[in-house]
Amino acid sequence: MKIKKVAIIHGPNLNLLGQREPDHYGNLTLKDINNNLSVEASKLDLNIDLYQSNSESEIVNKIQSLKCDFIIINPAAYTHSSVAIRDALAAMKIPFIEVHISNVFSREDFRKKSFFSDIAIGVISGLGTEGYCAALNYVAKLNK
């Protein structure tokens, strides 16, 4: 499979990065993260589609409308609650990596359950915002 286009989906409250709980999420803003991903994607010869929403239904609609080869998704709080997003990912059959900025396994118990991990290609948790680039680099290696 030749991967050229990757959708990167940021879930709820990630628009507050840089000001929200910097001990867990760092100081970079979502704009900073997206700029870094754009630079990295260019180096890797990948096209990316960047998207963020606080709305579960908007994320479901986005997934259902995607025309891409791979998804990198940080479902954020929906990780622990959204059967709807899980069902959209399963229905579209686009391979994906689940990314979390913080180490969800070192946090509250409810954060340790994901509705996505068992259908994901892989899960990256706790590498900070570098987790997104790690996922993008993994996707690029699938082309070799």
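**From surface patch to buried residues**

In this predicted model, a nonpolar patch on the surface is formed by Ile-121, Tyr-138 and Leu-142, which together have about 280 Å² of accessible area. Of these residues, Leu-142 lies in the segment that follows helix H5, the helix spanning 130-141. Leu-142 counts as partly exposed because its relative accessibility is 37%, a value that falls between the limits of 20% for buried and 50% for exposed.

With a relative accessible area of 0%, His-10 is buried. Its side chain is joined to that of Asn-34 by a polar contact of 2.8 Å. When the neighbours within four places in sequence are left aside, the residues in contact with His-10 include Leu-30, Ile-33, Asn-34 and Leu-37, as well as Leu-50, Tyr-51, Gln-52 and Ser-53, and also Asn-74 and Tyr-132.

The cysteines remain to be considered. A disulfide is a covalent bond between the sulfur atoms of two cysteines, and the structure holds 0 disulfides. For Cys-68, the closest cysteine sulfur is that of Cys-133, and because the two sulfurs are 18 Å apart, they are too far from each other for a bond; the cut-off for a disulfide is 2.5 Å. Seen from Cys-133, the closest cysteine sulfur is in turn that of Cys-68. Cys-68 counts as buried at 15% relative accessibility, and Cys-133 likewise counts as buried, at 12%.

Definitions and conventions
Residues numbered from 1 in each chain as written. Predicted model: local features only at pLDDT ≥ 70, side-chain atom pairs only at ≥ 80, totals over all residues. Heavy atoms only, no water. Patch = residues over 30% accessible without salt bridge, like charges linked within 9 Å, V, L, I, M, F, W, Y side chains within 5 Å. Areas by Shrake-Rupley, 256 points an atom, 1.4 Å probe, with all protein chains shown as cover. Salt bridge = Lys/Arg side-chain N within 4 Å of Asp/Glu carboxyl O. Helix = DSSP H or I, 4+ residues; strand = E, 2+ residues; numbered from the N terminus. Buried < 20%, exposed > 50% of the residue type's maximum accessible area, 1.4 Å probe, protein only. Polar contact = N/O pair within 3.5 Å; in protein donor to acceptor, adjacent residues only side chain to side chain. Contact = heavy atoms within 4.5 Å.
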